[in-house]
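Try each task yourself before you read its solution.

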Amino acid sequence: MSKLDYQGSRQILMRRPPTEVQEARLAPFRDAGYELLGRGGHRAVFQADDPGWVFKVALSSRGQTANELESIRSLRYGKGSLIPFADCHLSTTLGTEVLMMEWVKPYNIMDPPCRLGELPEWVQWVDFVQVGWTNEGELVAYDFEKLAEEAGYPS
Ligand SMILES: Nc1ncnc2c1ncn2[C@@H]1O[C@H](COP(=O)(O)OP(=O)(O)OP(=O)(O)O)[C@@H](O)[C@H]1O
Ligand SMILES: [Mg+2]
């Protein structure tokens with residue numbers, strides 16, 4: 001399977017409806033009027049009150065670990081190392097610990113005219129090329145719990 005097919009099939013997989021357990025976790029945020037922007041295997045992502053920010057709600061213990069790890073990596077490396085990481089930090093929304101992250105426009109392989117080969121080389125270290133553009137037009141990683149091991153970032 002090519003990287004392109006791989007990312008495409010993954011995007012289809014992510015359209016699976018949430019399970020009952022996941023739905024219960026999301027309900028308070030929906031009820032409070034937060035807009036769900038996306039959902040991965042382990043986290044749901046809502047638009048924060050400030051339009052420049054989103055927040056990630058863990059849907060599993062792995063999602064919780066991802067939130068913690070990303071906050072550490074962002075704090076430690078910011079945008080100044082091989083991989084520029086989206087700004088983020090742990091915070092509390094509706095009494096739940098969440099990861100606040102700057103809003104990005106995710107790169108989507110289906111969006112012409114941007115092709116994988118036109119992106120900088122560092123994107124290959126980011127799991128499934130989960131990168132996007134900030135409001136300032138910088139390309140950053142937005143899902144960076146899992147990086148290619150050879151990238152050398154300690155976890
Ligand atoms: N900073 C952001 N700004 C805007 N949308 C975002 C941001 N971060 C994530 N999203 C959207 O939310 C979706 C899910 O987020 P994310 O990939 O972080 O969840 P995940 O559960 O860690 O995913 P995975 O299944 O890859 O482990 C993304 O595919 C993207 O569409
Ligand atoms: Mg993801």
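A word before you start: this is a predicted model.

**Exercise 1. From β1 to β3**

Task: Trace how β1 pairs with β2, and how β2 pairs with β3.

Solution: Step one is β1 (36-39) and β2 (43-47). These strands run antiparallel and are joined by 3 bridges. Gly38 has Val45 of β2 as its bridge partner, and the hairpin between the two strands passes through 3 residues.

Step two is β2 with β3 (53-58). This pair is also antiparallel, with 5 bridges. Here Ala44 faces Val57 of β3, and the hairpin has 5 residues between its strands.

Step three: is β2 mostly covered or mostly open? Four of its five residues, given as 4 of 5, are buried, so to speak under cover.

**Exercise 2. An open sheet**

Task: Give the strand order in the open sheet of 3 strands, and explain why β6 and β8 each have one side without a neighbour in the sheet.

Solution: The order is β6-β7-β8, and the pairing is antiparallel. β6 (104-106) and β8 (139-141) are at the edges, and each has a single partner strand, so one side of each is left without a neighbour in the sheet. From one strand to the next, the twist averages 40°. For a closer look, take β7 (residues 131-134), which pairs with β8 over 3 bridges; Trp133 sits opposite Leu139 of β8.

**Exercise 3. The nonpolar core**

Task: Name the residues with the most contacts inside the largest nonpolar core, and the strand that gives the largest share of it.

Solution: This core has 26 residues, and Phe46, Ala86 and Ala141 have the most contacts inside it. β2, β3, β5 (96-102) and β8 each supply at least two of its residues. The largest share comes from β3, with 4 residues. Now zoom in on Ala86: leaving out residues up to four places away in sequence, its contacts include Met101, Val104, Val140 and Ala141.

**Exercise 4. Around ligand 1**

Task: Describe the shell around ligand 1 by its closest residues, its main contributor and its classes.

Solution: The ligand is surrounded by 20 residues, and the closest are Gly38, Gly40, Gly41, Arg43 and Val45. At least two residues each come from β1, β2, β3, α3 (61-77) and β6. Among these elements, β1 gives the most, with 3 residues. Sorted by class, the shell has 10 nonpolar, 6 polar and 4 charged residues.

How values were computed:
Residues numbered from 1 in each chain as written. Chains lettered and ligands numbered in written order. Predicted model: local features only at pLDDT ≥ 70, side-chain atom pairs only at ≥ 80, totals over all residues. Pairing = 2+ DSSP bridges. Axes fitted to C-alpha atoms, helices over the stretch in contact; angles between N-to-C directions. Core = buried A, V, L, I, M, F, W, Y, C linked by C-beta atoms within 7 Å. Buried ≥ 20, exposed ≤ 12 C-beta atoms within 10 Å, placed from the backbone. Contact = placed C-beta atoms within 7 Å. Near = placed C-beta within 6 Å. Nonpolar A, V, L, I, M, F, W, Y, C, P; charged D, E, K, R; others polar.
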